[in-house]
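Let's take a walk through this structure together. Have the sequence and the 3D view open side by side, and follow along.

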Amino acid sequence: NDAGFVVAGMLLVSPAWWVSRIPEFRVFTNNIDEKAMRIINQACGALVMACGLVVLVHLANKFW
């Protein structure tokens, strides 16, 4: 099943890619103060919430 291979690949490769990037991100986070990190985290959270709302609205429009 091709879809199974895609899902398995994503489950294996995606975490490996992020783990390999951790040392690079530490360079940036060591230079950012706590207030700036909080703002970045809140902006990213708002972006994730907005994407979720877009998906929910799309699904609601599809079924109603």
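Start in helix H2, where Glu34 and Arg38 are four residues apart, so about one helical turn separates them. Helices here are DSSP runs of H or I with at least four residues, strands are runs of E with at least two, and both are numbered from the N terminus. Glu34 and Arg38 form a salt bridge, and their closest N and O atoms are 3.2 Å apart. The term stands for a side-chain nitrogen of Lys or Arg within 4 Å of a carboxyl oxygen of Asp or Glu. The structure holds one such bridge. Glu34 is exposed, as its relative accessible area is 60%, while Arg38 counts as partly exposed at 43%. The cut-offs are under 20% for buried, over 50% for exposed and in between for partly exposed, with a 1.4 Å probe and protein chains only.

A word on what you're looking at: this is a predicted model, in which local features need pLDDT of at least 70 and side-chain atom pairs count only at pLDDT 80 or more, while totals for chains, interfaces and linings use all residues. Residues are numbered from 1 along each chain as its sequence is written, and side-chain values use heavy atoms, leaving out hydrogens and water.

Now zoom out. The chain has two helices and zero strands. Its radius of gyration, taken over C-alpha atoms, is 17 Å, whereas a compact globule of 64 residues would have one near 11 Å; that globule rule is 2.2 Å times the number of residues to the power 0.38. The C-alpha trace spans about 45 × 30 × 10 Å along its principal axes. And how much of the chain is buried? Buried residues make up 0% of the 64.

Over in helix H1 (residues 2-29) you'll find Val6, which is exposed at 53% relative accessible area. Val6 and Asp33 are 27 residues apart along the chain, and their C-alpha atoms are separated by 39 Å.

Finally, head past helix H2 (34-63) to Trp64, which sits in the segment after it. Trp64 counts as exposed, with 85% relative accessibility. Together with Leu53, Val55, Leu56, Leu59 and Phe63, Trp64 forms a nonpolar surface patch of about 770 Å² accessible area. Patch members have over 30% relative accessible area and no salt bridge; nonpolar side chains (Val, Leu, Ile, Met, Phe, Trp, Tyr) are joined within 5 Å, like charges within 9 Å. Accessible areas come from the Shrake-Rupley method with a 1.4 Å probe, and for residues only the protein chains shown count as cover.
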